[in-house]
Amino acid sequence: MSQKDIYIEKLNVQLKEWSASIDALKAKADKATADLKIGYQKQLEDLKARHVAARAKVADLKAAGDDAWDRVKAAVETGWAEIKAAFDKAKAGS
């Protein structure tokens, strides 16, 4: 398995964890009072959008040729850190 494949697999594991976090937040929102549901819904929308963006970044990495892989990886890592921070913040607040 190449370094690229290992890296992509690591990102896919993180995507699965984030998907589980979204599901957990949705379950919490379903049980919340009406006032709290509004906040949860906004947070869920943001996290779902970020999750889609993260999946797109993984697709970019998969599509990158060996010559462009390092450049694409650097761009992905920058965006990935922002997405991770949003998920960590949501997890800490729930």
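Is the crossing of H2 and H3 left-handed or right-handed? The legends below take up this point along with other views of the predicted model.

**Figure 1. The whole chain is built from three helices and zero strands.** In this predicted model, the order of elements along the sequence is α-α-α. The C-alpha trace spans about 50 × 20 × 20 Å along its principal axes. Of the 94 residues in the protein chain, 31% are buried.

**Figure 2. Helices H2 and H3 cross with a left-handed sense.** Two packed helices are described by the angle between their axes and the distance between the axes. For H2 and H3, the axes come within 10 Å and cross at roughly 160 degrees. An angle over 145 degrees counts as roughly antiparallel, so H2 is roughly antiparallel to H3. On the H2 side, the residues making the contact include Leu47, His51, Ala54, Val58 and Leu61. On the H3 side, they include Trp69, Val72, Val76, Trp80, Ile83 and Phe87. The residues of this contact divide into 13 nonpolar, three polar and six charged.

**Figure 3. Helices H1 and H2 also have a left-handed crossing.** H1 covers residues 3-31 and H2 covers residues 34-63. Their axes come within 10 Å and cross at roughly 165 degrees. H1 and H2 are therefore roughly antiparallel to each other. The residues of the contact of H1 with H2 divide into 14 nonpolar, five polar and eight charged.

**Figure 4. Helix H2 has buried residues that are covered by H1 and H3, among others.** H2 has 30 residues. From its first C-alpha to its last it reaches 43 Å, close to the 44 Å expected at 1.5 Å a residue. Which residues of H2 are buried? They are Tyr40, Leu44, Leu47, His51, Ala54, Val58 and Leu61. An α-helix has 3.6 residues a turn, so residues three or four places apart point the same way. The numbers of the buried residues in H2 can be read with that rule in mind.

**Figure 5. Helix H3 packs its buried residues against H1 and H2.** H3 runs over residues 69-93 and has 25 residues. At 1.5 Å a residue, H3 should span 36 Å, and its end C-alpha atoms are 35 Å apart, which agrees. The buried residues of H3 are Trp69, Val72, Val76, Gly79, Trp80, Ile83, Ala86, Phe87 and Ala90. Trp69, Val72 and Val76 are among the residues of H3 that contact H2.

Figure 6. Is Ile22 buried or exposed? Ile22 has a relative accessible area of 8%, and buried means under 20%, so Ile22 is buried. Asp60 lies 38 residues from Ile22 along the chain, and the C-alpha atoms of Ile22 and Asp60 are separated by 23 Å.

Notes: Residues numbered from 1 in each chain as written. Predicted model: local features only at pLDDT ≥ 70, side-chain atom pairs only at ≥ 80, totals over all residues. Heavy atoms only, no water. Axes fitted to C-alpha atoms, helices over the stretch in contact; angles between N-to-C directions. Helix = DSSP H or I, 4+ residues; strand = E, 2+ residues; numbered from the N terminus. Parallel < 35°, antiparallel > 145°, perpendicular 65-115°, else oblique. Left-handed = near helix turned anticlockwise from the far one by under 90°. Nonpolar A, V, L, I, M, F, W, Y, C, P; charged D, E, K, R; others polar. Expected span 1.5 Å × (residues − 1). Buried < 20%, exposed > 50% of the residue type's maximum accessible area, 1.4 Å probe, protein only. Contact = heavy atoms within 4.5 Å.
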